[in-house]
Amino acid sequence: MISTISQGLLWTILGLGIFMTFRILNFPDMTTEGSFPLGGAVAVTLITRGVNPFLATLVAILAGCLAGFVSGLLYTKGKIPTLLSGILVMTSCHSIILMVMGRANLGLLNHKVAQDYLPFAPDTNELVLGLIAVVLVIGLMITFLDTRLGQAYIATGDNRDMAQSFGINTDKMELMGLVLSNGIIALAGALVAQQEGYADVSRGIGVIVIGLASLIIGEVMFSNLTMLERLITIAVGAIAYQFLILAVISLGFNTSYLRIYSALILAVCLMIPELKSKFFKGVSLSK
């Protein structure tokens, strides 16, 4: 159970990164599936070369920011649609990861990772590290979104034309959002790679589904929340998602098909609001 919760906490960071674009800017960013494994590849490669895991993780975040920056330039300056610009960067990241690692996958056997610096038992170390990382990321996001710059960023997502009429440079806001989002996603990739003990060039396939599942499950479970509460529900959704996957595995389903199980879980969660409005409209527990 501790292992499942710690995994959910690390995947929460992925959901938080996706939230920055999918929910605030209102567009899906496929760069996610490139920046996530890129973060893991950079961190693992540096650790195997003797770099401190925390410094390696920081460099991984910068690599993710760079991927988001390129995607943002393609979208804001090149006028390439967001979906296509993300796919272009995601595809490019595949080759960059191979250049960084020099192979398709790289292990961390006999190398210290971030959680090894904590003084508890291995499982507890992973849980504590995940909790610290989630609290830190949520705290930084709330601090940023409460600033004037953060409010301009939110306004850009709410109504781009109105934001422009108030003198907000929406291109810069969207570029900044993609940089921040993919930096957070790369952090998730770096921490997950350290927890799993390896980085793989194909690790990013389908991760956007996991991130979206964390978002949607949390939103289905709760409503009418403040920004802080919305970010916390992503953690709840990510942990719930990990337990759902654990339940699927416990029922004896083939683990080779985890991605289709993930897609089905997300599809069901997405349909819940429609099913509620169709079959339970007007239903109330009170008189």
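**Exercise 1. Decide whether C93 is buried or exposed.**

Solution. C93 has a relative accessible area of 2%. Buried means under 20% relative accessible area, exposed over 50%, and partly exposed in between, with a 1.4 Å probe and protein chains only. C93 is therefore buried.

The model is predicted: local features need pLDDT of at least 70, side-chain atom pairs count only at pLDDT 80 or more, and totals for chains, interfaces and linings use all residues. Residues are numbered from 1 along each chain as its sequence is written, and side-chain values use heavy atoms, leaving out hydrogens and water.

**Exercise 2. Find how many disulfides the structure has.**

Solution. A disulfide is a pair of cysteine sulfur atoms within 2.5 Å. A search of the whole structure finds zero. C65 is in no disulfide, and its nearest cysteine sulfur, that of C93, is 12 Å away. C65 is also buried, with a relative accessible area of 18%.

**Exercise 3. Check the span of helix 4 against its number of residues.**

Solution. Helices (H or I, at least four residues) and strands (E, at least two) are DSSP runs, numbered from the N terminus. The expected span of a helix is 1.5 Å times one less than its number of residues. Helix 4 (residues 82-101) has 20 residues, so it should span 28 Å. Its end C-alpha atoms are 28 Å apart, which agrees. After helix 4 comes G102, with a positive phi near 75 degrees.

**Exercise 4. State which residues of helix 4 are buried, and what covers them.**

Solution. The buried residues are T82, S85, G86, V89, C93, I97 and M101. An α-helix has 3.6 residues a turn, so residues three or four places apart point the same way. The cover of the buried residues includes helix 2 (32-48), helix 3 (53-76), strand 1 (105-107) and strand 2 (198-200).

**Exercise 5. Describe the lining of the largest cavity.**

Solution. A cavity is a set of points on a 1 Å grid over the protein atoms alone where a 1.4 Å probe fits but cannot get out; lining residues have an atom within 4 Å of a point. The lining residues include F36, P37, G40 and A41. Helix 2, helix 8 (170-196) and strand 2 are the elements that give two or more residues. Helix 2 gives the most, with four residues.

Key. Contact = heavy atoms within 4.5 Å. 1 Å grid on protein atoms, 1.4 Å probe; cavity = no way out; pocket = protein on both sides within 12 Å on 5 of 7 lines; lining within 4 Å.
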